[in-house]
Amino acid sequence: MDKKPPGQMTWRPPGVSGCALHLRKHSLEPWRPYYEFPEYAQSDPPGFSPGYTTFLALRKQNWQAV
């Protein structure tokens with residue numbers, strides 16, 4: 001069975017001033033804001049950090065927080 005490795009997540013990659021979830025599917029890819037991944041992005045409740053709901057959902061799928 002060929003299982004895809006999970007991706008990686010971070011809140012503030014190098015060179016980014018704001019704090020929002022960033023993703024990459026492989027460690028060699030550049031970081032991109034979570035909303036550029038419509039297949040993963042989820043809506044956040046008012047007052048939550050941008051990407052928090054997506055972060056929780058991806059943690060359940062064994063994505064790595066770095």
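Hi everyone, let's start with burial: of the 66 residues in the protein chain, 30% are buried, where buried means under 20% relative accessible area, exposed means over 50% and partly exposed lies in between, using a 1.4 Å probe and protein chains only.

A quick word on the source. This is a predicted model, so local features need pLDDT of at least 70 and side-chain atom pairs count only at pLDDT 80 or more, while totals for chains, interfaces and linings use all residues. Residues are numbered from 1 along each chain as its sequence is written, and side-chain values use heavy atoms, leaving out hydrogens and water.

Now the layout. The protein chain has 1 helix and 4 strands, and from the N terminus the order reads β-β-β-α-β. Helices (H or I, at least four residues) and strands (E, at least two) are DSSP runs, numbered from the N terminus. Along its principal axes, the C-alpha trace spans about 40 × 25 × 20 Å.

Let's go inside. Which residues make up the largest nonpolar core? There are 8 of them: Met9, Leu21, Leu23, Tyr34, Phe37, Phe55, Leu58 and Trp63. By nonpolar core I mean a set of buried Ala, Val, Leu, Ile, Met, Phe, Trp, Tyr and Cys residues joined through side-chain atoms within 4.5 Å.

Take Met9 as a guide. Leaving aside residues up to four places away in sequence, Met9 touches Leu21, Leu23, Trp31, Phe55, Leu58 and Trp63, among others; contact means heavy atoms within 4.5 Å. Across the protein chain, of the contacts with a separation of 6 or more, 32% are between residues 24 or more positions apart.

Next, helix 1, which covers residues 52-60 and has Thr53, Thr54, Phe55, Ala57 and Leu58 as its buried residues. What do they pack against? Their partners are strand 1 (8-10), strand 2 (22-24) and strand 4 (64-65).

Asn62 lies in the loop between helix 1 and strand 4, and has a positive phi of about 70° although it is not a glycine. Is Asn62 buried or exposed? Asn62 is exposed, with a relative accessible area of 54%.

Thanks, and I'm happy to take questions!
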